[in-house]
Amino acid sequence: NVPGERDAPVSWTDSSGNLWLFGGAGYDSTGAIGNLNDLWEFNPTSKEWMWIGGSSTQGAADVYGTKGVPAATNVPGARYLAVSWTDSSGNFWLFGGYGNDLWEFSPTTKLWTWMSGSDTGHATGVYGMLGVSAATNIPGGREEAVSWTDSNGNLWLFGGAGYDSTGAGATLNDLWEFSPTTKLWTWISGSSTGNASGIYGTLGVAALSNFPGGRTSAVGWADSSGNGWLSGGLGLDSTGASGYLNDLWEFSPTAKTWTWMGGANTVEANNTPDRKSSRLNSSHL
C-alpha cells in the first residue's frame, strides 16, 4: 500500500504516534491526476500504510450527511490547500480548501462529522461582532491559510486566499478561533474585507491595533505557552505593496494582541525584485 504522489495535502499525528494523510492534488489509483479525498494512516513501527477512507479515484464529491452527526458514509470531498488541527482529545479537524466546511474525524471510530460551514463552495464569511462567538459566525471559504492549536485545545485560523464578508475573492488577514467544546467560531482580529495592509506598530511591542497584512502560503505554529506564531508568505506589507514577506509575528490568545517580532515591514526584503508574486489578486478563486 502507498498513497499516490501529491501536492498540498493535510496531515496529523495521533496519540499513538501514527501519521495521517488526507487529500491534496495528485495521482489516484488509475494514474489520473486531480484533487483527492483519500485518507491514509502510516504506522512508524510496522512501516506500513493503511487506506482508511475516501475514494481511490480523483474528483470525489463531499458526502455531508447531517451537520453534527457522525456517520460511516460521511466524507469530505476532494480538495487541496486545506488546513488541519489536532484537538486536546486527539480528534482531527479539517477546514476549507476552496470551501468553508469544517470537519472532525475520530481516529478511534474512524468516522467523519460535518461540524459547520456550507455544503457548497465559494462561501462568504459571516463575521458577526469582533470578539463575540455566535452560531451564525463562519470564516469564508479559503485556501493556503495558516492554523495552530492553543494550550486549551482551541483551533486558530489566519488568512489565506478566499472570500471576505462582501463575498469578494481576496487575500485575507482575518484571525478566527474555534472552540471544539462550544462548536462556535469567533472573529478575533484583522479585517472583514480583503487585501488589508499590515499594521506593524513598534517592533517587540504588543498592541490591539497591530495585525499582519493579508497573505497566503505563510507558516504558523504554537509555542509551549500556547502563543501563536506566523512568518512570511505572499501578502501585503505596511505600505500596501504586495510580494514576498519575511516578517515574524506572535499572537497572544490571552491578551488577543499581535506583536511584530522580527523581519521587515516591507515586501521583498533581502530578495530580488524579479521574484515578486503575481498570485495575490486571487484571480483563481
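In the hairpin of β6 and β7, five residues lie between the strands, and G90 takes a positive phi near 90 degrees. Strands here are DSSP runs of E, at least two residues long, numbered from the N terminus. β6 (residues 83-86) and β7 (residues 92-95) run antiparallel and are joined by four bridges; strands pair if DSSP finds at least two bridges between them. S84 has L94 in β7 as its bridge partner.

The model is predicted: local features need pLDDT of at least 70, side-chain atom pairs count only at pLDDT 80 or more, and totals for chains, interfaces and linings use all residues. Residues are numbered from 1 along each chain as its sequence is written, and side-chain values use heavy atoms, without hydrogens and water.

The largest nonpolar core has 16 residues. Such a core is a set of buried Ala, Val, Leu, Ile, Met, Phe, Trp, Tyr and Cys residues joined through side-chain atoms within 4.5 Å. Buried means under 20% relative accessible area, exposed over 50%, and partly exposed in between (1.4 Å probe, protein chains only). W148, L175, L230, F251 and W258 have the most contacts inside this core. Its largest share, three residues, comes from β18.

The structure holds five salt bridges, each a side-chain nitrogen of Lys or Arg within 4 Å of a carboxyl oxygen of Asp or Glu. One joins D38 and R6 (2.8 Å, N to O). D38 lies in β4 and R6 in β1, so the pair ties together parts 32 residues apart in sequence. D38 is buried, at 7% relative accessibility. Another links R79 and D62, with the closest N and O atoms 2.7 Å apart. R79 is buried at 4%, whereas D62 is partly exposed at 28%.
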